[in-house]
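Welcome to this guided tour.

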Amino acid sequence: MGRDPYEYFRVEAREILDGLGRGALQLEKGATPEITAGILRLAHTLKGAARVVKQPGIAESAHAIEERLADLRETKGPVESARVDDVLRLIDAIATGLRGLDSPASNPTAKPAAPAPVDEDIAVVRADAADLDAVIDGIGEAGLQVRTMRRVLGGLGRARHLAELLSERVVPGSGADTSRSRDGAAAARLGPLANELCELLTGFDRRLTDTVDQAERELREVRDAADKLRLVAVSTLFVTLERTARDVAQSVGKEAVFEATGGEIRLEAQVLSAVQRALVQLIRNAVAHGLETAAERRNAGKNGAGRVQVEVVRRGNRVAFACRDDGRGIDLAAVRRVAQRKGILPEGAPRETGDLLKLLLRGGLTTSGAVTEVAGRGIGLDVVREVAAQLGGEVTLTTDAGRGTTFELAVPLSLSSLDALLVEVDGISAAIPLDSVRRTVRLVAADIARTATGESVVHEGRVIPFIPLARPLGRRRPEPKSAARSAVVVAAAEHLAALAVDRLLGTANVVVRPLPAFASAAPVVVGAAIDGEGTPQLVLDPAELVAGAQRAEREASSVDAAPTAPVLVIDDSLTTRMLEQSILESAGYEVDLATSAEEGIEKARRRHYALFLVDVEMPGMDGFTFVATTRADPALRETPAILVTSRNAPEDRQRGHDAGAGGYVVKGDFDQAELLALIKRLVR
């Protein structure tokens with residue numbers, strides 16, 4: 001079996017133990033024949049495997065689990081706690097025996113003096129991380145060699161082409177005029193050889209191409225598998241955490257129900273191992289300190305059983321683990337008294353709730369009146385704080401009197417797996433977490449509203465900001481005005497934004513890697529993934545994408561603040577007047593209206609305006625004449641004018657310029673953003 005005879009047994013046994021623990025806890029909530037049969041199968045499998053590797057102690061414990069549950073095969077409903085306790089003790093004994101096998105040189109029959117506490121039974125990875133790193137590096141090097149072979153194939157194709165040209169020269173009737181050949185006999189001898197050379201090169205090219213294609217596919221699959229081997233599902237923590245809540249509740253005479261969400265998120269085993277230590281302490285605190293007794297809860301109008309929840313969510317480049325209870329909340333008055341007694345807080349010093357909670361997070365404080373095996377020494381939060389420091393994370397705490405307390409541990413991701421939508425922007429491949437994508441759409445120019453506060457689109461009855469994804473990525477390029485564009489609607493919290501992309505590449509499960517410390521990247525980039533060809537893909541933060549779109553909208557609004565003088569709109573069309581008035585007022589301008597050029601001149605002589613927005617074709621005086629008239633008037637000549645018309649002929653544009661117009665806007669090419677930018681420039 002090699003140097004380590006227990007290498008594969010440990011992996012299998014730990015997986016079985018996880019299933020046994022989960023099943024035992026399910027029995028207490030309500031047994032079914034399926035649950036019991038599953039536990040019995042796992043115990044039987046473990047018993048046989050233990051006997052193969054000559055571990056009689058583990059085999060006997062597994063057999064004892066079978067015997068303890070054999071009469072429950074057809075039972076439905078909750079199993080008594082005493083029997084579940086027996087099964088859990090046997091599971092602990094097996095776990096203790098497994099820990100004795102961690103060293104290949106350990107005595108197979110030796111037993112530790114005492115079982116390790118539950119929080120030391122941390123999640124394990126299927127293979128050594130260093131070995132996996134070496135495998136991944138080797139796969140990357142092999143990929144480079146395969147890509148080199150791909151380039152060599154180009155040279156082979158060239159050789160095949162030359163062979164075909166040679167064959168045409170020497171084979172009669174193949175394209176060359178063999179009658180002119182100096183040596184027809186030589187051509188006849190070389191012809192078959194040239195044909196054979198072409199066939200050999202063609203076959204070799206085809207077989208080698210197929211081989212390289214297959215090698216690339218297999219390397220891609222192996223790299224993906226190796227990446228995922230380094231990752232462990234967060235759900236592997238939940239059995240231990242539920243067991244912790246159950247055991248602590250029993251020891252302090254309380255009732256507790258454990259719930260967990262976010263188990264599908266996958267992280268590096270080392271990160272989860274550290275986080276588990278912190279979560280075990282938080283759950284102990286939640287049950288021992290936070291939850292009331294069943295009688296106290298009923299008197300307060302609550303269910304007798306307290307609720308402890310663990311929620312795991314991904315937030316940008318961090319993963320947050322929230323542990324919350326629905327108990328009494330933290331006694332802030334007691335925290336103040338203890339802090340004053342210890343000299344941490346001077347007598348009478350005013351402290352806000354947030355300050356008192358920060359004192360509690362500093363450690364060394366406990367409001368428990370007695371020291372027990374689960375609480376009272378004030379060191380539980382020390383463990384949480386140390387884990388946060390070790391991982392470069394942070395701990396936050398909120399409490400609500402009578403309703404409960406929430407601790408949140410947020411840690412940077414090292415490696416993480418997620419489903420993502422792959423997009424391409426300006427030649428860059430990027431991944432957007434799929435759980436934040438609400439929709440992909442195809443937009444034309446008419447779908448995009450351009451106002452002073454930026455661009456927006458309508459999504460399910462809501463107006464949401466619209467920006468090119470190239471902008472938050474720091475790519476500056478002109479955006480198409482009329483062509484249809486693909487866009488992704490992204491959600492973060494209660495907010496939405498639409499992001500224009502060049503192409504939608506599909507969905508994939510990607511492994512997110514942290515960026516190198518020396519690499520500078522836009523704030524929206526939280527990491528990178530490697531595609532099938534070994535090319536990095538940017539992984540984007542949905543919250544930062546939405547926040548960036550909202551910032552762009554606010555900045556556009558603040559930049560386009562209203563000027564001191566109003567704008568005069570002159571047009572004989574009611575529809576056009578109302579449209580232009582709406583655009584200008586949404587940008588913060590004060591607007592006056594005139595239905596003719598003559599009325600416009602009268603108003604201009606009574607009030608100072610910042611700008612004239614004038615239609616060209618109107619009854620009576622047209623727009624060209626209005627502009628020429630105001631340019632000739634000493635009191636009005638400094639007020640800029642923009643002509644708005646459907647006439648796009650070069651001679652009309654020239655006439656407007658000659659009259660003195662500061663701008664010429666064609667209605668067929670009308671763009672709100674461009675119009676407002678022109679007005680802003682002329683008003684200044």
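**Stop 1: a nonpolar core**

Select Val234, Leu241, Leu267, Val275, Ile283, Val287 and Phe321: of the 58 residues in the largest nonpolar core, these touch the most other members. A nonpolar core here is a set of buried Ala, Val, Leu, Ile, Met, Phe, Trp, Tyr and Cys residues joined through side-chain atoms within 4.5 Å. Buried means under 20% relative accessible area, exposed means over 50%, and partly exposed lies in between (1.4 Å probe, protein chains only). Now colour helix H8 (residues 269–290), which gives this core its largest share, 13 residues. Helices (H or I, at least four residues) and strands (E, at least two) are DSSP runs, numbered from the N terminus.

Before you go on, please note that this is a predicted model: local features need pLDDT of at least 70 and side-chain atom pairs count only at pLDDT 80 or more, while totals for chains, interfaces and linings use all residues. Residues are numbered from 1 along each chain as its sequence is written, and side-chain values use heavy atoms, with hydrogens and water left out.

Which residues does Ile283 touch, not counting residues up to four places away in sequence? Leu241, Thr244, Ala245, Phe258, Val308, Val310 and Cys323 are the ones to show. Then look for a second, separate core of 35 residues, which includes Phe9, Leu27, Leu69 and Ile91.

**Stop 2: a mixed sheet**

Select strands E2, E4, E5, E7 and E6, which form an open sheet in the order E2-E4-E5-E7-E6 with mixed pairing. Two strands pair if DSSP finds at least two bridges between them. Strand E2 (256–261) and strand E6 (394–400) stand at the edges with a single partner strand each, so one side of each is left without a neighbour in the sheet. On average, neighbouring strands of this sheet are turned by 15 degrees against each other, direction ignored. For angles, axes are lines fitted to C-alpha atoms (for helices, over the stretch in contact), and the values run from 0 to 180 degrees between N-to-C directions.

Zoom in on E2 and strand E4 (residues 306–315): they run parallel and are joined by six bridges. Thr261 stands opposite Glu311 in E4.

Next, bring back H8, which packs on the sheet and touches E2, E4, strand E5 (318–325) and strand E7 (404–412). The direction of H8 makes about 20 degrees with that of E5. Contact means heavy atoms within 4.5 Å.

**Stop 3: one arginine**

Select Arg298 in helix H9 (residues 294–299). Is Arg298 buried or exposed? Arg298 is exposed, with a relative accessible area of 52%. Leaving aside its neighbours within four places in sequence, Arg298 is in contact with Glu255 and Gly304.

**Stop 4: a parallel sheet**

Move along to E20, E19, E21, E22 and E23, five strands that form an open sheet in the order E20-E19-E21-E22-E23, with parallel pairing. E20 and strand E23 (663–666) are at the edges, each with a single partner strand, so one side of each is left without a neighbour in the sheet. Neighbouring strands here are turned by 20 degrees against each other on average, direction ignored.

In a regular strand the side chains alternate between the two faces of the sheet. Show the side chains of strand E19 (residues 567–570): Val567 and Val569 on one side and Leu568 and Ile570 on the other are all buried, and both faces are covered. Four bridges join E19 to strand E20 (residues 591–594), where Val567 stands opposite Val591 and Ile570 has Ala594 as its bridge partner. E19 also pairs in the parallel sense with strand E21 (residues 611–615) over four bridges, and there Val569 has Leu613 as its bridge partner.

Helix H18 (residues 672–683) lies across E21, strand E22 (641–645) and E23, at about 135 degrees to E21.

**Stop 5: two helices**

Finally, select helix H16 (residues 623–632) and helix H17 (residues 650–659), which pack at an angle of about 20 degrees with their axes 8 Å apart. H16 and H17 are therefore roughly parallel to each other (angles under 35 degrees count as roughly parallel, over 145 as roughly antiparallel, 65 to 115 as roughly perpendicular and the rest as oblique). Show Phe624, Val627, Ala628 and Arg631 of H16 with Asp652, Arg655, Gly656 and Ala659 of H17, which make the contact.
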